[in-house]
Structures are given as structure tokens and as C-alpha cells.
Amino acid sequence: MTMDQRVHDHPGVPAGEHAHGAVVRVLHALADPTRLSIVHLLAEAPRRVVELTGALGLAQSTVSAHLATLRSAGLVVASPEGRATRYALADPELDDLLGAAERVVARAIEREEAHP
């Protein structure tokens with residue numbers, strides 16, 4: 001049995017192009033509180049791993065593993081900087097995506113509180 005994937009077009013995306021598999025990969029990469037925190041930090045400014053570990057209070061290996069997940073999903077880019085690497089968001093719209101998700105969650109909580 002095949003699933004009926006009815007879709008509509010979105011501004012800025014070529015008509016008829018719905019890369020659901022790629023969207024799932026991106027959303028899966030974001031489905032972790034630590035990775036969301038990393039994205040928020042990188043939305044403020046590009047950072048090195050040592051800066052991220054200090055801000056998050058996590059081990060370097062943990063932060064590096066999360067960065068690898070974000071990089072493999074195409075959400076973060078790395079630039080060599082001397083002996084270190086500076087990480088940045090690959091697309092500034094990622095911060096807009098998180099903002100939209102947070103607004104959706106806030107409205108859902110408001111609805112739940114209004115109609116328990």
C-alpha cells in the first residue's frame with residue numbers, strides 16, 4: 001500500500017518539489033535539546049568547539065558528536081581557523097525555523113491550558 005502524499009507549495013521552493021526525505025533528515029537532526037541549544041548559539045555568532053563546550057557545560061567529545069550530526073544534515077558548516085575549527089549555521093533561515101517551531105509550541109500549550 002502506498003501513502004497518498006498530498007502537498008501544497010511553499011514560497012521560495014520550486015513548485016512541485018517536496019523533498020520529504022531530506023526534511024525528515026533535518027528535523028531528526030534537530031530532535032535533540034543539545035543540538036537545538038547549539039543551533040541557538042550559532043545563530044548568535046559562529047563559534048569554536050571550545051566556546052560551545054564552555055557555554056553548554058558539556059565535554060568536547062559530546063559537542064563534537066552533536067556538531068557532526070548537524071553537519072551531516074547540512075545545517076552547520078565548518079571553517080578552519082588556525083588549529084581550531086569555527087562552526088556556523090549553513091543557512092540563517094534555520095533560526096527562523098526554530099522560532100516558528102517555538103511559536104507553534106507556545107500556541108499549543110496555550111490551547112491545552114485553555115481546554116484541558
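Okay, let's start with helix H1, residues 20-30, where Val26, Ala29 and Leu30 are buried. Buried here means under 20% relative accessible area, exposed is over 50%, and partly exposed is in between, with a 1.4 Å probe and protein chains only. Those three sit on the same side of H1, because they cover an arc of only 100° around the axis; the arc is taken from the directions from the helix axis to the C-beta atoms. On the face turned away from that buried side you get the exposed residues Gly21, Val24 and His28.

Quick housekeeping before I go on. This is a predicted model, so local features need pLDDT of at least 70 and side-chain atom pairs count only at pLDDT 80 or more, while totals for chains, interfaces and linings use all residues. Residues are numbered from 1 along each chain as its sequence is written, and side-chain values use heavy atoms, with hydrogens and water left out.

So what do the buried residues of H1 pack against? They pack against helix H2 (33-44), helix H4 (60-72) and helix H5 (93-114). Contact means heavy atoms within 4.5 Å.

Zooming out, the protein chain has five helices and three strands, and along the sequence the pattern reads α-α-β-α-α-β-β-α. Those are DSSP runs numbered from the N terminus: H or I with at least four residues for helices, E with at least two for strands. Of the 116 residues in the protein chain, 22% are buried. If you take contacts between residues at least 6 apart in sequence, 49% join residues at least 24 apart. The chain exposes about 8100 Å², with carbon and sulfur atoms supplying 56% of it; areas are Shrake-Rupley with a 1.4 Å probe, and for residues only the protein chains shown count as cover.

Back to the helices, then. The axes of H2 and H4 come within 10 Å and cross at roughly 80°, which makes H2 roughly perpendicular to H4. Axes are lines fitted to C-alpha atoms, for helices over the stretch in contact, with angles from 0 to 180 degrees between N-to-C directions. Under 35 degrees is roughly parallel, over 145 roughly antiparallel, 65 to 115 roughly perpendicular, and the rest oblique. On the H2 side the contact is made by Thr34, Arg35, Ile38, Val39 and Leu42, and H4 brings Val63, His66, Leu67, Thr69 and Leu70.

Last topic: salt bridges. How many does the structure hold? Three, where a salt bridge is a side-chain nitrogen of Lys or Arg within 4 Å of a carboxyl oxygen of Asp or Glu.

One pairs Arg47 with Glu44, closest N and O atoms 2.6 Å apart. Arg47 is buried at 17% relative accessible area, whereas Glu44 is exposed at 60%.

Another pairs Glu51 with Arg86, at 3.6 Å between the closest N and O atoms. That pair links distant parts of the chain, with Glu51 in helix H3 (residues 49-56) and Arg86 in strand E3 (residues 84-89), 35 residues apart. Both are partly exposed: Glu51 at 29%, Arg86 at 23%.

Arg86 also bridges to Glu81, closest N and O atoms 2.8 Å apart, and Glu81 is partly exposed at 35%. Shared partners join Glu51, Glu81 and Arg86 into one network of salt bridges.
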